[in-house]
Amino acid sequence: MTPAVAVALLLATALPGGLDEARRAFAAGDHASAERLALEAAAAGGPGEAEARYLAALARFRAGRPAEALDLLDAAAAGADSAAAWHFNRGACLYELGRSGEAEAAFLEAARDPAFRSEERRVGKECIAVC
């Protein structure tokens, strides 16, 4: 690692606006700030880039922009905390966009993971029932 890359990584994690600040904004319900901060963290590069893009996608969804969220989710699949969570969130976007068949397939894929949280499995099954 070059010194310039090391400094950039240090600044990305130490300066305000990093991924931790984006997480706090998201948890507080400030989805616009969470998206902005997460995208700034992603632009800085480094090991948290995919996770930052994933968080920005979730913020876009919560802000009522499922089409934009879906685009970013597809680009940030590696940042999901689990493949099942990625499929579930992708299914939620597709459902909001009226793409029921694709949403159902995504929810079913998420439900295949035995480690997937039971509440999310229940919600996914309910969404499949109305698809």
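Is Arg53 buried, partly exposed or exposed, and at what relative accessibility? Arg53 counts as partly exposed, because its relative accessibility is 26%, where buried means under 20% relative accessible area, exposed means over 50%, and partly exposed lies in between, with a 1.4 Å probe and protein chains only.

This is a predicted model, in which local features need a pLDDT of at least 70 and side-chain atom pairs count only at pLDDT 80 or more, while totals for chains, interfaces and linings use all residues. Residues are numbered from 1 along each chain as its sequence is written, and side-chain values use heavy atoms, with hydrogens and water left out.

**Overall make-up**

- The secondary structure of the protein comes to eight helices and zero strands, with helices (H or I, at least four residues) and strands (E, at least two) taken as DSSP runs and numbered from the N terminus.
- Read from the N terminus on, the elements follow the order α-α-α-α-α-α-α-α.
- The protein has 131 residues, of which 39% count as buried.
- Among the contacts in the protein with a separation of 6 or more, 46% are accounted for by residues 24 or more positions apart, a contact being heavy atoms within 4.5 Å.

**Helix H3 and its surroundings**

- Helix H3 covers residues 31-43, which makes 13 residues, and from its first C-alpha to its last it reaches 18 Å, close to the 18 Å expected at 1.5 Å a residue; the expected span of a helix is 1.5 Å times one less than its number of residues.
- The buried residues in H3 are His31, Ser33, Ala34, Glu35, Leu37, Ala38, Ala41 and Ala42, and the buried residues of this helix pack against helix H2 (19-27) and helix H4 (49-62).
- After H3 comes Gly45, whose phi is positive, near 75°.
- Ala63, which is found in the loop between H4 and H5, has its C-alpha atom 7.3 Å from that of Ala32, although the two are 31 residues apart along the chain.
- Ala63 itself is partly exposed, because its relative accessible area is 43%.

**Salt bridges**

- The count comes to ten salt bridges, each being a side-chain nitrogen of Lys or Arg within 4 Å of a carboxyl oxygen of Asp or Glu.
- One of them joins Glu35 to Arg65, with the closest N and O atoms 3.0 Å apart; Glu35 lies in helix H3 and Arg65 in the loop between H4 and helix H5 (66-75), so this pair ties together parts that are 30 residues apart in sequence.
- Within that pair, Glu35 counts as buried at 10% relative accessibility, whereas Arg65 is partly exposed with a relative accessible area of 27%.
- Arg53, the residue of the opening question, meets Glu49 in a salt bridge of 3.3 Å, N to O; because they are four residues apart in helix H4, Arg53 and Glu49 are separated by about one helical turn.
- Glu49 counts as partly exposed, at 29% relative accessibility.
- Another salt bridge brings together the side chains of Glu109 and Arg112 at 2.7 Å, N to O, where Glu109 counts as partly exposed at 34% relative accessibility and Arg112 counts as exposed at 58%.
- Salt bridges that share partners also join Glu35, Arg60, Arg65 and Glu68 into one network.

**The aromatic pair**

- The structure holds one aromatic pair, where rings of Phe, Tyr and Trp (its six-membered ring) pair if their centres lie within 6.5 Å, and planes under 30 degrees apart count as stacked, over 60 as edge-to-face and the rest as tilted.
- The rings of Phe88 and Phe107 have centres 5.4 Å apart and planes at 55°, so the pair is tilted.
- This pair links distant parts of the chain, since Phe88 sits in helix H6 (residues 83-96) and Phe107 in helix H7, 19 residues apart.
- Phe88 is buried, with a relative accessible area of 13%, and Phe107 counts as buried at 3% relative accessibility.

- Asp113 is found in the loop between helix H7 (100-111) and helix H8 (118-130), and counts as partly exposed at 26% relative accessibility.
- From C-alpha to C-alpha, Asp113 and Ser82 are 9.4 Å apart in space, while in sequence they are 31 residues apart.
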